[in-house]
Amino acid sequence: MNAPHTQTEGYIGRRMARTEDTRLLTGKGVYVDDVGLPGMLQVAFHRSPIARGRIKTIDLSAAREIPGVYAVLIASDLARYKVDMLSFFLALPTVPVPVLAVDRVTYVGDPIAMVVAQDRYIAEDAAGLIVIEYEEQDPVVTLADAKHGSLVHPRTDSNVAAATGSDEVDEDLEALLAHAPHLVSIDLTHQRIAQSPMEPRGVVAAPQGSGELTVYLSCQGPQLAARWFAQAFGMPATSIRVISKDVGGSFGLKGQPWREEVAVVLAAQLLKRPLKWIEDRLENLTSANQAREQEIRLRVAFDNDGTLLASHADYGINNGAYPQGADSNIAVMMFLWAAHKLPVFGFHARGWYTNTVGLAAYRGPWALESLAREVLLDRAARKLGIDAIELRRRSLITRADQPCTTPMGLQLEDISPAECLDELLRHVDVAAFRVEQAEARKQGRYLGLGVATYIEPTAGSTGIAVLISESAHIRIEPTGKVSAVVSTHSQGHGTQTTMAQVIAERLGVLFEDVTVHEDDSSRGGYGSGAYGSRQAVAGGGACIRAADLLVDKIKLMAAHLLNAKPEEIFLRDSVIHVFGEKEQTVSLRDLADIAYGEPDRLPEGMDAGLEVQYRYRPPPITMTSAAHACIVEVDGDTGFVKIRRWVTSEDCGVMINPAVVEGQIAGGLAQAIGCVLMEEISYDPRGNPTAVTYKDYLLPSISDVPDFEYHHGASAPSKAEGGFRGVGEGGCIIGPPTLVNAIADALSPFGDIPLQLPLTPHKLLEVIEGRSMARPAPTQPKASTPADAPSEKPMSVAEAVVHEPSSALTPVPVVETAGIDGLWKFILSTPMGPQAFTGKLATSGNVVSGSFYFNMDEASFTGTINGNNLKWDLKVTKPMSITLKYDVQIQGDKLVGKVKMGIFGTAKLSGERV
Amino acid sequence: MKPAPFDYLVPSTIEEACAQLAEAGGGATLLAGGQTLMPLLALRMSQPFILIDINRIKALKGATRVDGGTRIGPMMRQNEVIADPTLARELPVLVTAAQHVGHHQTRNRGTIGGSIALGEPAAELPATAVALGASVEVRSTRGSRRIAATDLYLGPYATALEPEEMITAIHFPDWPDDSISLFREVAQRPGDFALVGLTGAVTVKDGCIARAGIAWFGMGPTPIRARQVEAALLGQPIADLDLAGLAELAVADTAPFDDLHATAEYRRTVGRRIFARTLGERLNRNGP
């Protein structure tokens with residue numbers, strides 16, 4: 001007999017109202033600024049007014065004289081604490097990040113001093129009285145500045161912060177592109193974006209007793225934040241407790257603690273007082289880390305029938321001065337063609353340092369891949385005379401094509417963009433629209449239809465140590481109610497509702513009886529919180545497994561007490577039933593009473609209590625797919641875009657709560673609309689931010705965001721527990737190309753639209769008018785985009801292709817190599833940050849052999865010696881199968897060289913004797 | 001974003017407020033609805049020594065009919081302007097303009113006098129005052145005077161008001177009941193300041209334009225009265241208007257500039273378009 005395991009059915013998949021909403025909507029949320037502690041003081045920062053310069057003198061005397069000022073601190077006051085400002089991956093940055101500026105400032109808003117005062121008013125009064133003399137220097141502001149200007153950071157050899165893909169040109173790929181029947185190329189730039197959470201950053205730090213610390217933090221997950229603090233400060237994790245009850249949005253900004261939060265925590269320890277800092281909106285728009293600011297030149301070769309032949313991408317992203325992890329955004333390249341039949345793809349990607357605020361994540365950090373690809377496909381369709389939807393169908397990988405492996409080495413099992421597109425087109429009558437469009441054009445009205453597809457890796461659990469697994473601890477309390485401590489974390493995600501739905505259904509209890517806690521690092525186990533669209537899949541899976549284990553125990557216990565067999569027991573609505581001739585029941589509360597209070601009545605050997613902890617690791621990647629369509633009207637008189645209709649079709653697997661799924665899609669699309677039409681953080685040539693309030697940084701408002709139509713018909717369960725797929729970032733990824741394509745379609749009678757976001761009314765009216773409306777300035781400012789800067793050196797064309805060419809090396813003089821035998825400490829600069837490991841080398845004639853030791857793992861290799869040049873290959877399997885080709889020079893008592901990492905380009909290696 | 005220290009005074013009469021202004025000798029700022037001033041204080045872009053809160057002065061509230069026009073108290077909230085039956089009848093374009101000021105929540109506090117005194121060049125109410133030929137009544141301890149709206153604005157946020165003066169009323173002259181309102185605002189989002197805005201009214205007698213009051217906002221350092229097109233329209237038969245030619249004249253007096261959101265040329269181009277579109281639509285709909 002297969003008794004149903006899930007006995008209270010209908011919670012998973014139900015459109016339930018969110019438990020947390022009543023509290024949040026009636027002003028009863030608890031955000032960091034709602035925290036007040038006895039003796040707490042307030043912090044305000046004094047920040048650099050210039051983008052780049054040397055600090056000559058700092059005069060704090062006037063600030064210190066203000067009554068109510070408790071302390072004024074600068075970097076030297078905090079220097080007693082050693083802090084490693086780690087990346088999100090907990091890696092050390094190549095360029096160390098100071099907590100407060102030391103000797104030099106690197107962007108407008110760089111924090112130099114902090115005032116601690118009895119209230120924020122006084123703190124700001126005093127911060128305004130700090131006098132700093134600078135020796136100002138010309139800043140490096142744009143990507144073009146970074147490539148050609150002076151070094152942002154001393155002791156670096158270029159402004160390249162991170163690199164993926166080699167500088168060498170791949171002749172084979174270039175030949176394919178050059179000789180194809182059709183070559184379509186776009187130059188696209190994405191503006192800089194401020195994540196703009198409704199609640200800016202904030203922290204309350206309270207030293208507790210001897211060396212313990214409680215930190216109230218607006219963040220994406222208290223467990224990860226506690227782990228970050230512990231590792232950055234070299235403190236035991238148990239002595240740091242991070243509490244994060246309600247968070248008003250993050251979108252990537254609060255992924256890890258950063259300079260201001262760290263400064264406040266250090267100052268609290270120094271002063272032995274609780275301190276509060278709440279970032280205000282001016283600070284948030286000028287000093288908090290930001291995102292995007294990317295450029296891409298994408299080239300694609302097509303056959304006459306629209307078949308994809310080859311492609312190359314050249315990509316740059318502004319990392320600012322201190323990125324939260326230097327990044328060349330490898331995921332852009334990983335997913336650009338992951339869902340398409342494309343035989344050859346090469347790329348060259350660079351992250352660049354500039355004198356601007358640092359790069360942080362933003363919902364769908366790699367979203368540019370979909371924007372560039374989908375916009376290019378529409379351009380190609382027009383050029384080749386093939387319908388844009390048909391062109392997509394010819395290259396999309398369908399369910400029938402899978403399983404398969406992409407040229408980038410990605411193993412696909414169940415992506416479904418083609419099937420989502422089919423479902424989408426059941427709800428969008430393209431032919432009828434084309435008739436309406438033609439009629440409208442006769443009246444001088446410009447309607448356009450845009451379509452896009454995409455896939456998204458969600459809930460990744462491979463390769464990134466902080467993102468592997470999630471924990472759920474479920475307790476049936478002695479009262480019969482259910483408490484769950486889950487390592488998810490909501491910044492508005494509604495996980496207190498969705499996780500409770502999962503637990504209630506799998507346990508067979510009433511939804512109202514389940515309370516989910518996720519706000520305190522001292523409760524439950526490690527988990528990253530909200531990252532990479534993972535909470536439904538990873539957190540939901542953990543809840544299912546934990547609930548199932550608990551059900552197993554309940555069945556054994558109830559069977560024993562009720563004199564039945566475990567398989568005859570089931571739970572429904574918090575009541576335990578026994579199948580059989582005469583049905584017996586017992587309430588969960590009575591059972592819990594016995595479990596905790598009378599363990600002698602339990603089966604022989606069974607532990608007291610009713611609680612289970614489970615750590616779930618989902619499959620390596622769970623793919624979500626979607627296709628969207630959007631219809632716009634562009635006003636021919638003003639260039640304004642009106643969104644008339646937006647239809648979505650996605651495969652997000654089994655939905656826990658369709659309302660939450662649709663809320664995630666809608667929120668992402670609202671941000672997409674902002675990106676395409678209005679949001680822009682810009683700088684003047686001196687590095688001064690020019691949109692510093694919401695009067696100038698334009699977020700879409702309710703009147704700019706239409707009602708979206710949602711279709712879930714193409715969904716299929718994933719292989720993850722529960723069949724869920726992530727849906728957190730998708731709208732922000734697929735939204736921009738959908739909208740850009742609709743605008744391009746509307747204005748196609750006038751030619752191509754510019755691909756420099758945002759597409760403001762001004763830019764679109766220029767297309768309609770067929771003329772520039774720029775100011776007739778005598779000196780045009782030097783443009784930063786490859787499209788507008790033909791005089792620049794040509795974008796270097798990379799070889800980093802799937803087919804690995806060999807590189808020739810010149811012979812070098814013979815040196816004594818036996819001297820390198822022994823133990824070495826190596827540092828490899830990977831696209832995910834520098835990685836340190838130890839290794840052992842041994843030489844014999846012209847053969848070098850050795851082993852590397854990574855975190856209790858070992859890899860051995862054998863290679864050749866030629867003069868002072870060493871070469872060996874090392875095969876690794878994580879995060880994907882790849883052969884690393886080492887090419888190392890002996891330089892005195894050091895080893896320097898590079899490692900070719902297949903399609904991921906070349907990384908620098910340095911070694912020192914242990 | 002916390003204001004610098006200031007003294008806070010709450011007068012209950014105009015005389016008291018004028019005395020306080022005089023005593024402050026230019027160091028005081030009046031607080032009306034606070035929808036612009038409070039953010040400026042928070043950003044420390046405005047740091048007055050004294051804030052004089054005029055919200056409790058009853059004589060500054062309400063709208064009344066006076067000989068030949070309507071007298072509006074400067075402390076009338078923008079939402080009160082929208083809801084006032086007298087203003088709806090006498091000054092429909094003022095009501096339309098007020099509906100475009102900020103958002104419902106800000107209009108509950110924001111006042112007509114505060115907006116007119118601030119002189120934001122892209123704001124709706126100063127331009128409407130200019131278009132309709134309004135004037136402001138101002139007081140100080142030295143007495144009172146009237147300033148025509150067209151003479152009030154000197155530059156962005158710069159007015160002919162002396163530091164010790166306060167607006168005590170805004171006078172709008174009567175326009176005939178069958179006047180035709182002209183209003184069109186192009187803003188990036190509803191509630192934003194205009195990229196380009198057009199406001200005013202025309203009257204038609206015997207098929208010809210008999211009176212025209214038209215002004216632009218967002219088209220220069222101050223509200224800009226479109227004098228050339230007003231003159232050209234007078235006496236023109238509405239059945240036979242050269243809209244393109246008039247649109248060209250309409251922007252002839254403007255002096256728009258480039259900013260983050262649009263260039264001067266965009267503003268001029270869109271200005272011509274919305275002038276022709278608005279005038280054409282309104283005359284067809286309301287013409288004889």
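How many salt bridges does the rule find across the interface of chain A and chain B? It finds seven. This is a predicted model.

**Where the chains meet**

Chain A brings 33 residues to the contact, and chain B brings 27 residues. The size of an interface is often given as the accessible area lost when the parts come together. For chain A and chain B that buried area is about 2,600 Å². Carbon and sulfur atoms give 56% of it.

One salt bridge can be looked up directly. The side chains of A:D635 and B:R277 meet in it, at 3.0 Å from N to O. Polar contacts also span the interface of chain A and chain B: the rule finds 17 residue pairs, both residues at pLDDT 80 or more.

Look next at the side of chain A that touches chain B. Three helices each supply at least two of its residues: α4 (120-127), α9 (281-286) and α20 (761-769) of chain A. By residue class, this side of chain A divides into 12 nonpolar, eight polar and 13 charged.

**Inside chain B**

Chain B is divided into domain 1 (7-53), domain 2 (58-173) and domain 3 (180-286). Domain 2 of chain B gives 24 residues to its contact with domain 3 of chain B, which gives 25 residues. The C-alpha centres of these two domains lie 21 Å apart.

The area buried between domain 2 of chain B and domain 3 of chain B is about 1,800 Å². Here carbon and sulfur atoms give 68%. How many salt bridges does the rule find across this interface of domain 2 and domain 3 of chain B? The count is zero. Three residue pairs are in polar contact there, both residues at pLDDT 80 or more.

Which elements build the side of domain 2 of chain B that touches domain 3 of chain B? α5 (92-99), α8 (124-131) and β8 (153-155) of chain B each supply at least two residues. The largest share, six residues, comes from α8(B). This side of domain 2 of chain B holds 15 nonpolar, seven polar and two charged residues.

**Backbone details in chain A**

Most residues other than glycine have a negative phi, and most peptide bonds are trans.

| Site | Backbone feature | Value |
|---|---|---|
| A:Q402 to A:P403 | cis peptide bond | omega near 5 degrees |
| A:L757 to A:P758 | cis peptide bond | omega near -5 degrees |
| A:K272 | positive phi, not a glycine | phi about 55 degrees |
| A:N563 | positive phi, not a glycine | phi about 60 degrees |

A:P403 sits in the loop between α12 (388-395) and β16 (404-405) of chain A. A:P758 is in the loop that runs between α19 (730-746) and α20 of chain A.

A:K272 lies in the loop between α8 (259-271) and β12 (275-278) of chain A. Is A:K272 buried or exposed? Its relative accessibility is 65%, so A:K272 counts as exposed. A:N563 belongs to the loop between α16 (535-562) and β22 (569-572) of chain A. With a relative accessible area of 74%, A:N563 is exposed too.

Terms used
Residues numbered from 1 in each chain as written. Chains lettered and ligands numbered in written order. Predicted model: local features only at pLDDT ≥ 70, side-chain atom pairs only at ≥ 80, totals over all residues. Heavy atoms only, no water. Domains from an automatic or database assignment. Contact = heavy atoms within 4.5 Å. Buried area = accessible area lost by both parts, 1.4 Å probe. Salt bridge = Lys/Arg side-chain N within 4 Å of Asp/Glu carboxyl O. Polar contact = N/O pair within 3.5 Å; in protein donor to acceptor, adjacent residues only side chain to side chain. Helix = DSSP H or I, 4+ residues; strand = E, 2+ residues; numbered from the N terminus. Nonpolar A, V, L, I, M, F, W, Y, C, P; charged D, E, K, R; others polar. Buried < 20%, exposed > 50% of the residue type's maximum accessible area, 1.4 Å probe, protein only.
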